[in-house]
Amino acid sequence: MRLAFEIALRFLKSGKGQTLLIALGISVGVAVQIFIGSLIQGLQISLVDTTIGSSSQITITSESDDKTIKDWKRTVYEAQISSPEIINVSPSLDGPASIDYENDTASVIIRGFILEDADKIYKFKNNLYQGQFPKNRGEAIIGKELAVKSGTEVGDNIALLTTRGNVITLKITGLFDLKVSSINDSWVVTDLKTAEDIFPTEGVTSVEMQVKDVFLADEISRQVAYTVSENNLKVDNWKDLNQSLLSGLNGQSISSYMIQIFVLVSVLLGISSVLAISVVQRSKQIGILKAMGIQDKDASLIFVFQGLMLGILGAILGICLGIGLLLMFTKFALNPDGSPVVPIYINYGFIALSGMFAVVTASTASLIPARITSKLNPIEVIKNG
Amino acid sequence: MANIIELKNINKIYGEKIKTQVLYDINISFEANSFNSIIGESGSGKSTLLNIIGTLDKPTSGELYIEDKRTDTMNKLELSILRNKTIGFIFQFHYLLPEFTAKENVLMPHKIHSYHVPKEVDEWADELLNFVGLSKVKNNKATNMSGGQQQRTAIARALINKPKIILADEPTGNLDSETTENVYSILRNINKKFNTTFIIITHDQRIAEKTDRIVQVKDGRINLDLRK
């Protein structure tokens, strides 16, 4: 076995050009795999983050007649303990209203939050472009579009007409821009106490929360549904509500896997054919080794070791090349504001996996030449001089 | 002297559909420590005979005994061990591994059965290289040696495991006459010094005459068997 390794190493060292060429071939394959994989992962993460990162991923609502969760403090607690994956639980009391401005009206949704909790989901504070967060009862913030069309500025009071016919005045302390026009256009965000004043009901209309791994939201939502004790509660999750986004993401993943598989296959065929040629090139030497008593297994191992070493060399080169490509892409392909055009996600686990795949592929590729070697009959070589 | 190699009714037929019989009922034995030559025209079957003796080729029928052990029924693994320990080969073409130095090539048969090279084997390799007159070039790669030097390296390689039998198929076929003389005197010296049995195929009448026994193969049969 050690002799096979020594011979393999010598073979590789003596044909430096050939060795380098194969290693480069493997490394290009690995680099492409790492680059495409990281690109797709980065795209998906940024897509998921922009679509659902700043919204409720699991939402509990009530199916009772008045659509309210009566014992909401208990429901919040139960949601929190139902899974360690759950974060940022936030109750809200919502209701419709309309706003009068100049000669038009617009319908809005009044959302009463425990503001500090809701901020963890929606990141209002980070997206306030004017004014500040509400501190007292009767204060609210509104989105950019709504502010523009109603001509509202920080410090103004707005008059809201509820469905019950009451007119409520709220003081606007800040304007936010969540980059989602439906929210910017319709939300009037205030604290829970203020909302309770406006809608004199018992309880809240929903409990919202996020999860650590967004792709587990459906499973976790089932745990939440199992844990909550109040009757008539309904638990929704983003995956069930966004099937088309999910199938889009899946399609993207599958096409990325296909590319990666074909890259692997071409690397496999390349190495296999080059090694098979090198068996033919060295058939005389292998023949004499066999005449001298080397066993078929050890003779085959020479080529398996060559494949293994080429795989390792190619993987190392490929990882360097792949990371280099990624860094260049993030450094030089930039938006005008300096952020990368495509956010790239460097996942070291994935990179290590790609490297390992290359090693396994190269070793697999060496099985064909190894088999040829094993079948090589020394007499054929010696007879043919 | 006891026989070290014994062939009984050896036949060899090549081909499946069109059968060509190369050897017909060969019965011959070789004594231990003897120095033999096989002569014959090309196509007479002498190389096939040598390859069967060396277990590189299998007889179609018949029995082959090496050191009283029947070898034609052995499996590949047993044969490779037998070849490694008992038989040394010298071919017309040296087939050295060009990636290795002369000394590494000489040590190769030892490394095949045991990777570790003890001091005495290392010294034995030096002694062999000295014996074939290659002390100065022992650390040269095979590609940096002359044809004669490479062939002498192959001779040293055939001896490293102290085999009881050396089979040589036209070992000097592509060497000039002076080098040929030189190689034969080396082989003869080895035969005397280490009691190694030699079977040498040769075209060269003068060389054959210097051996203890001349076997002539003609059309797959033993035509002549001369002993001194």
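This is a predicted model: local features need pLDDT of at least 70, side-chain atom pairs count only at pLDDT 80 or more; totals for chains, interfaces and linings use all residues.

**A tyrosine in a loop**

Residues are numbered from 1 along each chain as its sequence is written, and chains are lettered from A and ligands numbered from 1 in the order in which they are written.

You will find Tyr115(B) in the loop between α3 (102–113) and α4 (119–131) of chain B; helices (H or I, at least four residues) and strands (E, at least two) are DSSP runs numbered from the N terminus. Leaving aside residues up to four places away in sequence, Tyr115(B) touches Arg2(A) and Leu3(A), a contact being C-beta atoms, placed from the backbone, within 7 Å. Between the C-alpha atoms of Tyr115(B) and Lys103(B), 12 residues apart along the chain, there are 15 Å.

Now for the sheet. In chain B, six strands form an open, mixed sheet in the order β6-β7-β8-β3-β9-β10, where strands pair if DSSP finds at least two bridges between them. β6 (87–90) and β10 (221–227) of chain B each have a single partner strand, so one side of each is left without a neighbour in the sheet. Strand β9 (residues 213–218) of chain B runs antiparallel to β10(B), joined by six bridges; Val217(B) has Ile222(B) as its bridge partner in β10(B).

Finally, chain A is assigned domain 1 (2–51 + 245–383) and domain 2 (64–231), with bounds from an automatic or database domain assignment. The centres of these two domains of chain A, taken over C-alpha atoms, are separated by 53 Å.

Key:
Two residues are in contact if their C-beta atoms, placed from the backbone, lie within 7 Å.
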